[in-house]
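Thanks for coming. I will walk through one structure and keep to what can be computed from it.

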Amino acid sequence: MKIFIFILLFVILYAYCYFVYPRHISIIQASLSEFNFNMLLERQPLVIQDNIKDIFTVLNSWFSINIIEDLEFDQNRLWNINFHKYLYCYSTEDTEILLYKAGNTVTGDTPDNTEPVIAIKLKKNQSLIIPYRWYYNIKNINSIKLYGIHDYVTYILDIII
């Protein structure tokens with residue numbers, strides 16, 4: 001019984017760590033050759049500056065053990081929140097994505113005006129990886145493909161929350 005309680009507490013503590021967000025904001029830029037999975041651990045937006053022609057090769061090679069889902073932007077809201085561990089945004093045309101840091105609140109579809117909103121411009125075939133619980137607003141939803149990437153913790157948290 002004690003081992004069960006210990007395991008349960010460990011799982012709860014591990015899941016709680018998903019809700020601890022960095023205090024600062026930085027945009028990480030990398031090419032495909034410079035990409036390192038440790039960059040994702042910083043929980044900051046990551047721009048892949050290379051033009052990627054076959055997005056599925058990248059998704060399957062980087063996130064093969066994860067659960068990958070096609071997503072649609074909720075057009076009823078201006079600001080959507082990422083409930084996946086990573087949200088992979090692939091631009092099919094030049095576009096702009098607005099980001100708002102995780103841990104902040106969006107009230108009435110309006111972010112707090114004392115906190116910064118980040119604008120990222122992507123060229124055709126570039127990508128952006130948005131971390132867990134960050135808000136995003138896409139100016140032209142027809143110019144981007146969204147892929148939600150769950151690990152098993154965020155998959156279960158998405159069901160529970």
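**Salt bridges**

Counting by the rule used here, a side-chain nitrogen of Lys or Arg within 4 Å of a carboxyl oxygen of Asp or Glu, there are two salt bridges. Before I go through them, the basis: this is a predicted model, in which local features need pLDDT of at least 70 and side-chain atom pairs count only at pLDDT 80 or more, while totals for chains, interfaces and linings use all residues. Residues are numbered from 1 along each chain as its sequence is written, and side-chain values use heavy atoms, with hydrogens and water left out.

Helix and strand names follow DSSP runs, numbered from the N terminus: helices are H or I with at least four residues, strands are E with at least two. For exposure, buried means under 20% relative accessible area, exposed means over 50%, and partly exposed is in between, using a 1.4 Å probe and protein chains only. Arginine 77 is partly exposed at 36%, and aspartate 109 is buried at 18%.

The other pair is aspartate 151 and lysine 85, whose closest N and O atoms are 3.3 Å apart. Aspartate 151 lies in the loop between strand E12 (144-150) and helix H3 (152-160), and lysine 85 in the loop between E4 and strand E5 (86-91), so the parts tied together here are 66 residues apart in sequence. Aspartate 151 is buried, at 12% relative accessible area; lysine 85 is partly exposed, at 22%.

**The nonpolar cores**

Now the inside. A nonpolar core here is a set of buried Ala, Val, Leu, Ile, Met, Phe, Trp, Tyr and Cys residues joined through side-chain atoms within 4.5 Å. Which residues touch the most other members of the largest core? They are Leu46, Trp62, Phe63, Tyr88 and Ile129, in a core of 19 residues. Strand E1 (28-30), strand E2 (46-48), helix H2 (55-62), E5 and E12 each give two or more residues to this core. H2 supplies the largest share, four residues.

**Helix H1**

In soluble globular proteins, nonpolar side chains tend to be buried together. H1 covers residues 2-16, which is 15 residues, and reaches 21 Å from its first C-alpha to its last, close to the 21 Å expected; the expected span is 1.5 Å times one less than the number of residues. The number of buried residues in H1 is one of 15, so the helix lies largely in the open.

A nonpolar surface patch of about 1,300 Å² is made by residues that include Met1, Ile3, Phe4 and Tyr14. Such a patch takes residues with over 30% relative accessible area and no salt bridge, with nonpolar side chains (Val, Leu, Ile, Met, Phe, Trp, Tyr) joined within 5 Å and like charges within 9 Å. Areas come from the Shrake-Rupley method with a 1.4 Å probe, and for residues only the protein chains shown count as cover. Phenylalanine 6 is found in H1 and is exposed, at 54%.

Serine 91 lies in strand E5 and is buried, at 0% relative accessible area. Beyond its neighbours within four places, serine 91 is in contact with Leu122, Lys123, Lys124, Asn125, Gln126, Ser143 and Ile144.

One of those contacts, asparagine 125, lies in the loop between strand E9 (117-122) and strand E10 (127-131). Asparagine 125 is buried, at 10%, and its phi is near 70°, a positive value in a residue other than glycine. Most residues other than glycine have a negative phi.

Arginine 133 also has a positive phi, about 70°. Arginine 133 sits in the loop between E10 and strand E11 (135-138) and counts as buried, at 18%.

Definitions and conventions:
Contact means heavy atoms within 4.5 Å.
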